Amino acid sequence: MAEKIQCLRLSQEGVEDAFIWQPIKFGIYSVKSGYHSAVTPSRPLNPITELNWYKDVWLGNYSQKLKVFIWSVIQRALPFGENLQRRGFTTNVSCKRCGATESVMHMFFNCQYAQQVWNLAPINNAAHLAAQVNFEGALVGSRNTICLPPTGVSENVFPWICWHLWLSRNQLLFENRDISLAETILRSIASAREWISAQGTNAITSKVGVLPTEIDHPPIGDQQLTRSFTDAAWNKDTFTAGLGWIFSDQSGQIGRGSEVQEFVSSPLMAEALACRSMLHHAITSNIENLRVSSDNQTLIKAIKSNRLEKEIFGVVSDIKSLSACFTSISLSFVSSSKNVDADRLAKAVLYDPASASISVMGLGLG
Ligand SMILES: [Zn+2]
């Protein structure tokens, strides 16, 4: 019975489920977040300054893509040096700018580069944000941040600055391009302004709860396209799944990811979880145009149609909601003979969880 309950996979994004909005419940819905809260030492928090998933993340006045990004930072799901070290990796754990261990707080606040970016940021309490003990604290602290004139932005720019610090970090790491402090700030303000002005015209203030019935968009040029292949391997005795995915473009394979999840009820659920993890990875890698390939027809049908696939409904809702983060996205079937690389990754990580990895690409700018 306990296993059955643990195998229930609800939506991470809170789509079409009123109960999910309860902040504490949200945190324990996924095994991953449960694991993280179990390994994180409990620390007494002032209730007033405690993170409110609903208010601070999912209803925040910033783009869906940034919400996924902020969620990933808090879940420690991004491949920072410190996160990699915790998972047993010994290479690439240092900040490329200064050589210190790359923790979340280091990357976003304590590295000299980040400090200078915040000093330049046209906000009223930057020093206060950086003084928080963790990222969640800084996010909560940013509630009262005011973006100062003459930026033309009245919203909280905290998430945008974090996003562009992350993009600048990736550009340095993967493209050897050193983005200047001023440019990181200018890009943050520009993308905040662009998003805010788009809200007025499109009346899409919040995409939360909206399920696109059709996630295929018009075709675009091959140069900008990223293709993804996902697959899963499932162990029926342990209810454990290995998830694997590959990204490629015209130049060939550009990234990959794999992870193990426990309490997975079926091969179909495993495929759905692989697809969701791949989308998180794609969004935080700033992939704009994605062509998703899966060799699971049932999953594709469940995503593309409105047919209610009870077992995977929550995860499919997340997939639909996440698809709104892309400029264009499509989903198609691929025979398993063409999906061998993702299949191999999924099997490898199922039998050797230590092989789990995420490689992020330094792709174009948003
Ligand atoms: Zn550093």
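Predicted model: local features only at pLDDT ≥ 70, side-chain atom pairs only at ≥ 80, totals over all residues.

Biologist: What makes β1 and β4 a pair?

Modeller: Two strands pair if at least two bridges are found between them. Strand β1 (residues 225-235) and β4 have six bridges, in the parallel sense. The label therefore holds, given the cut-off of at least two.

Biologist: Which strand is joined to β4 by another six bridges?

Modeller: That is β5 (residues 328-333), and β4 and β5 run parallel. In this pairing S293 stands opposite S332 in β5.

Biologist: Why is β4 called largely enclosed?

Modeller: Buried means under 20% relative accessible area. Six of the six residues of β4 (residues 289-294) are buried, so the strand is largely enclosed by the rest of the structure.

Biologist: How do you know which residues cover each face of β4?

Modeller: Take the two sides in turn. N289, R291 and S293 lie on one side, and L290, V292 and S294 on the other. All of them are buried, so both faces are covered, with buried meaning under 20% relative accessible area.

Biologist: What is the strand order in the sheet?

Modeller: The order is β5-β4-β1-β2-β3-β6, in an open sheet of six strands with mixed pairing. The edge strands are β5 and β6 (357-359), as each pairs on one side only. From one strand to the next, the twist averages 20°.

Biologist: Which strands pair in the antiparallel sense over nine bridges?

Modeller: Strands β2 (residues 240-249) and β3 (residues 252-261) do. There, I246 stands opposite R256 in β3.

Biologist: Which helix packs on the sheet, touching β4 and β5?

Modeller: Helix α14 (residues 297-304) does, and its direction makes about 145° with that of β5.

Biologist: Now α13 and α15. At what angle do their axes cross?

Modeller: Helix α13 (residues 267-284) and helix α15 (residues 313-323) cross at roughly 25°, with axes coming within 9 Å. Angles under 35 degrees count as roughly parallel, so α13 is roughly parallel to α15. The crossing is left-handed.

Biologist: Which residues make the contact of α13 with α15?

Modeller: From α13, they are M269, A272, L273, C275, R276, L279, H280 and I283. From α15, they are V315, D318, I319 and L322. The residues of this contact divide into nine nonpolar, one polar and two charged.

Definitions and conventions
Residues numbered from 1 in each chain as written. Heavy atoms only, no water. Axes fitted to C-alpha atoms, helices over the stretch in contact; angles between N-to-C directions. Helix = DSSP H or I, 4+ residues; strand = E, 2+ residues; numbered from the N terminus. Parallel < 35°, antiparallel > 145°, perpendicular 65-115°, else oblique. Left-handed = near helix turned anticlockwise from the far one by under 90°. Contact = heavy atoms within 4.5 Å. Nonpolar A, V, L, I, M, F, W, Y, C, P; charged D, E, K, R; others polar. Buried < 20%, exposed > 50% of the residue type's maximum accessible area, 1.4 Å probe, protein only.
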